[in-house]
Amino acid sequence: MKLLLDSTRCQGYGLCHEKAPELVDLDEWGYAAITRPPSSPEDDRAARAAIEACPAQALRS
Amino acid sequence: MTPSPSEIIELAAGLRGRGGAGFPTATKLASVRRAAAPRTVVANGEEGEPGSLKDRWLLRERPELVLEGLRLAAVAIEADRSVVYFSDQAAEQSVIRLAPPTVEIIRVAPRYVAGEETSIVRVLDGGPALPLAKPPRPYEQGVLVLNVESLARLARRAAGESDPPLLATLTGGGRPATLHEVHPGTTLRALTEAHTPDPVRGVLAGGLFGGFLTTLDVEVSHDGLAAAGSALGCGAFRVLGPDDCPVAVAAAALDYLAGQSAQQCGACIRGTDALSATVAALRAGTATAADLDLLATRASRLPGRGACGLPDAAARLATSLLTVFPAVVRRHLIPGCEACRLPVDLHATSTSAPPQPARRLDQHTTSTSAPPQPARHLDQHTTPTSPPPRPARDLDQHAIEGVRA
Ligand code: SF4
Ligand code: SF4
């Protein structure tokens, strides 16, 4: 699956990073940065959790 | 005689978009043609790049070429809607005078990001001229956005010219802005020599997007500049003359970009501001070596972090300042460079020297029979019908030199 970030929506809540630390990093101001696309079933699960956790609906697949 | 849709797509073969990204025109035409109706074609004349004036010039002085290109593109994709989109007030009359009634004319407020394809899609939907996250890209949704120069080149192809020239705007070096037709094989050195007789220590290439470049023996083309680690972008070059300091120019350009951020993406707002603040400190002689390390790190992390290319431009600018002019940068560390701290007026028109005639790079005339005007003194008050030679002062409202010292 894909993991896409809409940077106009990201509010820097950081919940995505908690759910998918391998896939999403936070910059020094707390905004999300996708580090790599999901590449395993485990990654996919983490990506889905991050998408669901984002209060700003900034992540999608 | 109007060619068929597939003939028009063939005509576009090898043409690359002249808005900045350089996307192949034929690919765009073909993919919008496959999209579901309704389909829209937009002639994009909103050049957000402060150092570029070619799109304004085309709309004011060559609207017939742009409109012919728009008509061909509309035929190629069987468009339901045709739009001319720009901000330049002076272009409005020339476009209205020639546009058929079926062509919509949309004029927006000028802004660096207003010419972004996704900003245009938003305006077409009744929203503000601000970028949206991609994907989907406009051409995947039935909206074909082509830069006005891309359309003019398509029209020139249709009129029988196989290799229509590119337009390039040069600013800086203490000279008023000049506009040039660039034929294949022209080097950046020849182009800068057409702008100024003074020695040139480098350029800021591709509008604010291509970073600094000191190698002038490269072809002025997408491939030529890409091979040199830069970008042709919209074909705007800010020349660094003997009196221009790269640090001062970078500071002015980053200040401009930070001010133009559409304030939509947190990563872009904070990241671009941070780069701008550090380079401003460098210019003021208050930056440390540690600040420069942080600048390099931040710049390496910023590309791709926003909905549009603005943070990428800021990052490339900062990175290229550090890599292309390392010795100059080191000289600016605390206590700084005396010359830079003097109040420097960066306005291109601040010199009292008379404007140089922009020598054309060659003497071919165009198949449109319109004599290619070198457009010496374009300014915002020039009327499309009678362009009197004037100093290019109002361009500086947008030129990076206009960002005060
Ligand atoms: S959870 Fe959403 S809003 Fe928060 S940092 Fe991640 S993407 Fe941004
Ligand atoms: S990347 Fe920057 S300029 Fe572009 S939309 Fe986001 S905030 Fe605006």
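Are B:Tyr112 and B:Tyr256 buried or exposed?

Modeller: Both are buried: B:Tyr112 and likewise B:Tyr256. Bear in mind that the model is predicted. A search of the whole structure gives three aromatic pairs over all chains. One of them joins B:Tyr112 to B:Tyr256 in an edge-to-face arrangement, with 6.2 Å centre to centre and 80 degrees between the planes. This pair links distant parts of the chain, its two members being 144 residues apart. B:Tyr112 sits in the loop between β3 (103-107) and α6 (117-124) of chain B, while B:Tyr256 belongs to helix α10 (residues 246-260) of chain B.

Further along chain B is helix α12 (residues 289-301). Its 13 residues reach 19 Å from the first C-alpha to the last, close to the 18 Å expected at 1.5 Å a residue. Buried in α12(B) are B:Leu292, B:Leu295, B:Arg298 and B:Ala299. These four lie on the same side of α12(B), because they cover an arc of only 125 degrees around the axis. The other side of α12(B) has B:Ala290, B:Asp293, B:Ser300 and B:Arg301 exposed. As for packing partners, the buried residues of α12(B) pack against α11 (266-284), α13 (310-324) and α14 (326-331) of chain B.

Last, the ligand. There are 13 residues around ligand 2, and those that come nearest are B:Ala262, B:Gln264, B:Cys265, B:Cys268 and B:Cys308. By class, the shell around ligand 2 consists of nine nonpolar and four polar residues, with no charged residues.

How values were computed. Residues numbered from 1 in each chain as written. Chains lettered and ligands numbered in written order. Predicted model: local features only at pLDDT ≥ 70, side-chain atom pairs only at ≥ 80, totals over all residues. Heavy atoms only, no water. Near = heavy atom within 4 Å. Nonpolar A, V, L, I, M, F, W, Y, C, P; charged D, E, K, R; others polar. Expected span 1.5 Å × (residues − 1). Buried < 20%, exposed > 50% of the residue type's maximum accessible area, 1.4 Å probe, protein only. Arc of directions from axis to C-beta. Contact = heavy atoms within 4.5 Å. Phe/Tyr/Trp six-rings, centres within 6.5 Å; stacked < 30°, edge-to-face > 60°.
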